[in-house]
Structure formats: C-alpha cells, structure tokens
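Hi,

Here is the structure I promised to pass on. Have a look at it first, and then read my notes below.

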Amino acid sequence: MHAKVTDMLRDRRHELILRILRADGPATVELLAERLDASHATIRRDLVQLGEEGLLRRVHGGAMPIDDRDDPFVDVAEVRSAEKDAIARRCAELVKDGETVLLDIGTTAHRVARQLKGRSITVITSSLAVLDELQDEEDIQIMLLGGMLRRDYRSLVGFLTEDNLRQVHADRLILGTSGIRPGGHVMDTTVVEVPVKRAMIAVSDQVVLVADVGKFPGTGMAKVCEPGDLNIVVTNAPVEPVTGTALREAGVEVIEV
C-alpha cells in the first residue's frame, strides 16, 4: 500500500479513536477494533502512539480519555496540525481583501482564521474558536451567528443559526467535513451540524471544502452535500481516482498542497 494512503488511514483511525473515547469513555481494544473495522494488532499500535503523544491514557486491554482534558476540540486540533496549517495557508490565499468570508466550525477552519489575521475582510461564523482568534483584529469585521451553544465543540447550532444564515450573503465559504465518500459526497458525523452546513452552502457564492489526508475515504452518517455543490477542494491528500473523477465531472477544482 502507498505510504501516503497508509498514513491517511492511520491518521483517520487516530481521530476516530479519540472521538470514541471522548463520547463513550474507556474502550477495549476489541471494541475499538470492531468499531473501526481494524485488527487488534493495528489498534494496539494506534493506542501506543496516541498514548506517547499524550492524547489518551492506556489501560489494561484498552484506553481511556485523559481526565484533565475536557475539550474534544483540542483533541482533534492536535491531530495532523502541520498538515492542517498548510491547507489553511492555501485557503487564506484564495480570500481577497474586501470579501465576506463564511467560516465553518472545526479545527481546520479555525486555522484558516489564524491565517487571515491582518486582512481587511468580513468574517461570518458560528465558531467561538474563530471569534477568539480574530476578535482583536481591528480590520476584520466579525458577524457571530446566534444559536444554541455546543460547549465541547465551541460552536453554535440550531434553528436560530439557520435563520441568521438566511439573512446574510458570503463571497466565499470555508467548509469543513468529517470526510468525502469515493463518489464525492461530503459527509458529517455530527448530525446537528448538518443543517447549519447546508444553510452556509446556500448563502455562499463559492464553497471551498477543506479536507486533510484523514478525510479520504470519509466517514459520517449524514450527507451534507453533493460534489456539485462544491467549487474548490483544498487537501494534502492524493485524491484517489474514483473521488477525483467524481469531483472533476462536477466541475470542482482540486488543490493539493
């Protein structure tokens, strides 16, 4: 198997392991292997690496989340941080001064916000992490969407968020995802976020999907949009042929960094 593909699958497993532990608490190697459709030996190697990185605590027969870390946003932010920074820099290059940019929730969109410092733009977002990052930037006008607070993910969701989105327009949307299916469908594992993402797409002239190497092939129970709803995909992944064909046939530009 190609080294990049191997790294992609491993990184995706690591992200999912952290999410499972955060949501369900301690888990055995057997349970994780079943949930991720991986061998016991593979899961054990994953737990060793994540334990060495301080992202989980290994226990006999499995693992548990770190007790003093109560923020899953931080857990996911620390997975593939260098790769996400490279994608974020390329996304920021697409943004022109004077534009209105809609920033989705998620750790990669948060990193895009960091790269937009010093620009003269308007940012619309439902991400409190983006707000924290940009609130002291005097040349950036910030419009924070209302809604119900999801503390663990530093985001606002619900009918108020969707209603607020219907009152605005964006030149460009930076959209996150849990993964992209081989047919180019954009997925999400968090169902409550899906209507907000769809509303963001509906009010944006251009949709830029950010998807690092762990998002191919994608996971997620809910479909956010079709490939035809996208304009650009920015990734550090070698897009596999089926996905690449689906995106190209839909007129999507794929930028690999």
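Predicted model: local features only at pLDDT ≥ 70, side-chain atom pairs only at ≥ 80, totals over all residues.

You'll find R13 in helix α1, which covers residues 3-24. Which residues is R13 in contact with, once we leave aside its neighbours within four places in sequence? They are L36, A38, T42 and D46.

Now zoom out to the whole chain. It has ten helices and 15 strands. The radius of gyration is 18 Å, close to the 18 Å from the globule rule for 257 residues, so the chain is as compact as a globular protein of that length. Along its principal axes, the C-alpha trace spans about 55 × 40 × 30 Å.

How much of the chain counts as buried? The figure is 52% of the 257 residues. If you take contacts between residues at least 6 apart in sequence, 60% of them join residues at least 24 apart.

Last, the surface and the charges. The accessible surface comes to about 11700 Å², and carbon and sulfur atoms account for 49% of that. The chain carries 32 positive and 42 negative side chains, with the centres of the two sets 3 Å apart.

Cheers

Key: Residues numbered from 1 in each chain as written. Heavy atoms only, no water. Helix = DSSP H or I, 4+ residues; strand = E, 2+ residues; numbered from the N terminus. Rg over C-alpha atoms; globule rule 2.2 N^0.38 Å. Buried < 20%, exposed > 50% of the residue type's maximum accessible area, 1.4 Å probe, protein only. Contact = heavy atoms within 4.5 Å. Areas by Shrake-Rupley, 256 points an atom, 1.4 Å probe, with all protein chains shown as cover. Lys, Arg positive; Asp, Glu negative; His and termini not counted. Charge placed at Lys NZ, Arg CZ, Asp CG, Glu CD.
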